[in-house]
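Q: Hey, could you walk me through this protein? I'm new to reading structures.

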Amino acid sequence: MNNSKRSASIIYCVEDEKIYVLMVKPSNIEFGGPDWQIPKGLIDFGESEHNAAIREAEEEAGLVLSNIDSVDFLMRMNYISVFAIKVKNRKNFKQHDYEIAETKWFSLTEAFKVIRSWQKPWLGKFVRFIK
């Protein structure tokens, strides 16, 4: 992985007082490996970190913009800015792009078990943010 600036999106929803996180599984090793992970990608020239996080969530996870409830900056780890995107409904998503083989909602406990190890600090910060 190079050190170009990137943005990542922890997409989440609260239903029946439970928190769910949407994660993606890339379709090819060149798109990030076979593990479940948080949607992320390069920040385009002239694009803000905030807008890049939303765009990457739209492309990789199928986020529908009208489904966004809030977007909050969580942290910066090295060259990656991480945002929390709260959505209104877990079912209001469109088709993701070709770089992603699958998307899936996980409880926080499940997410910690399957996420890429270097992204676990992002989930830890997210947990502190929502509590």
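Q: How many salt bridges does a search of the whole structure find?
A: The search turns up eight salt bridges. A salt bridge here is a side-chain nitrogen of Lys or Arg within 4 Å of a carboxyl oxygen of Asp or Glu.

Q: Where do these coordinates and numbers come from?
A: This is a predicted model, where local features need pLDDT of at least 70, side-chain atom pairs count only at pLDDT 80 or more, and totals for chains, interfaces and linings use all residues. Residues are numbered from 1 along each chain as its sequence is written, and side-chain values use heavy atoms, with hydrogens and water left out.

Q: OK, back to the bridges. What does Arg55 form a salt bridge with, at 2.9 Å?
A: That one is Glu56, with 2.9 Å between the closest N and O atoms. Arg55 also meets Glu47 in a salt bridge, at 2.8 Å from N to O.

Q: Which residues are linked in a network of salt bridges?
A: Asp44, Glu47, Arg55, Glu56 and Glu59 are linked that way.

Q: And is Arg55 buried or exposed?
A: Arg55 counts as buried, because its relative accessibility is 16%. The cut-offs: buried means under 20% relative accessible area, exposed means over 50%, and partly exposed is in between (1.4 Å probe, protein chains only). Glu56 is buried too.

Q: What does Asp69 form a salt bridge with?
A: Asp69 pairs with Lys86, and their closest N and O atoms are 3.8 Å apart. Asp69 sits in strand β4 (residues 68-77) and Lys86 in strand β5 (residues 80-87), so this pair ties together parts that are 17 residues apart in sequence. Asp69 is partly exposed at 43% relative accessible area, and Lys86 is partly exposed at 24%.

Q: You said "strand". How many helices and strands are there?
A: The protein has three helices and six strands. Both are DSSP runs numbered from the N terminus: helices are H or I with at least four residues, strands are E with at least two. Along the sequence, the pattern reads β-β-β-α-β-β-β-α-α.

Q: What about the overall size?
A: The radius of gyration is 13 Å, close to the 14 Å that the globule rule gives for 131 residues, so the protein is as compact as a globular protein of that length. That radius is taken over C-alpha atoms, and the globule rule is 2.2 Å times the number of residues to the power 0.38. The C-alpha atoms fill a box of roughly 40 × 30 × 25 Å along the principal axes.

Q: How much of the protein counts as buried?
A: Of its 131 residues, 44% count as buried.

Q: Which residues of α1 are buried?
A: Ala52, Ala53, Ile54, Arg55, Glu56, Ala57, Glu60 and Ala61 are buried in α1. Their cover includes β1, β2, β3, β4, β5 and β6 (100-107).

Q: And what comes just after α1?
A: Gly62 does, with a positive phi of about 80°. Val64 lies in the loop between α1 and β4. Leaving out residues up to four places away in sequence, Val64 touches Asn92, Phe93 and Lys94, where contact means heavy atoms within 4.5 Å.

Q: What's buried in α3?
A: In helix α3 (residues 120-130), Trp122, Leu123, Gly124 and Phe126 are buried.

Q: Last topic: β1. How many of its ten residues are buried?
A: Eight of the ten are buried, so β1 is largely enclosed by the rest of the structure.

Q: Which residue in β5 is the bridge partner of Ile10?
A: Ala84 is the partner of Ile10 there. In β2, Val21 stands opposite Tyr12, and in β3, Gly41 stands opposite Ser7.

Technical notes. Two strands pair if DSSP finds at least two bridges between them.
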